[in-house]
Amino acid sequence: GNWFGGKDPKVENDFFATIAVEPTSFFQVYYDLPVAPDVMRAFLADRKAAVVGDVVAKAHGWKVGDTIHLTSGIFPGDWEFHIVGFYDVTNKPPGTIEWE
């Protein structure tokens with residue numbers, strides 16, 4: 001993955017993690033971010049697809065099927081993404097190891 005630094009240009013002080021990823025392996029590596037099989041198929045089929053955390057989507061009012069535009073100070077331009085699904089955010093950060 002590569003930190004993208006995207007933000008919603010309509011929200012001045014907005015911040016959320018935006019990472020460009022290699023789609024075929026990302027959710028295999030981060031298996032603790034489960035996505036439904038239909039979401040995975042849509043993600044793999046569309047180069048502009050985005051899978052968004054449910055908390056960020058709710059905060060922005062984004063829904064599956066929406067086309068969103070983000071800007072980035074790292075990679076300048078107007079970046080268009082198609083929301084194909086969500087992952088559930090838990091109280092644990094991705095990659096957290098639970099010791100028993």
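**Surface patch.** I looked for nonpolar patches and found W3, F15, I19, I74, F75 and W79 forming one on the surface, with about 620 Å² of accessible area together. Patch members have over 30% relative accessible area and no salt bridge, and nonpolar side chains (Val, Leu, Ile, Met, Phe, Trp, Tyr) are joined within 5 Å. A salt bridge here is a Lys or Arg side-chain nitrogen within 4 Å of an Asp or Glu carboxyl oxygen. Areas are Shrake-Rupley with a 1.4 Å probe.

**Ground rules.** I kept in mind that this is a predicted model, where local features need pLDDT of at least 70 and side-chain atom pairs count only at pLDDT 80 or more, while totals for chains, interfaces and linings use all residues. Numbering runs from 1 along each chain as its sequence is written, and side-chain values use heavy atoms, leaving out hydrogens and water.

**W79.** I checked W79 next: it sits in strand β6 (residues 78-87); strands are DSSP E runs of at least two residues, helices H or I runs of at least four. W79 has 34% relative accessibility, so it counts as partly exposed (buried is under 20%, exposed over 50%, partly exposed in between). Ring pairs also link F4, F75, W79 and F81 into a cluster.

**Ring pairs.** I searched the whole structure and got eight aromatic pairs (centres within 6.5 Å; planes under 30 degrees apart are stacked, over 60 edge-to-face, the rest tilted). F26 and F27 have centres 5.0 Å apart and planes at 85 degrees, so I logged them as edge-to-face. Both are buried. F27 and F43 are edge-to-face too, because their planes stand at 80 degrees, with centres 5.6 Å apart. F27 is in helix α1 (residues 26-29) and F43 in helix α2 (residues 37-45), so this pair ties together parts 16 residues apart in sequence.

Definitions and conventions: Phe/Tyr/Trp six-rings, centres within 6.5 Å; stacked < 30°, edge-to-face > 60°. Buried < 20%, exposed > 50% of the residue type's maximum accessible area, 1.4 Å probe, protein only. Patch = residues over 30% accessible without salt bridge, like charges linked within 9 Å, V, L, I, M, F, W, Y side chains within 5 Å.
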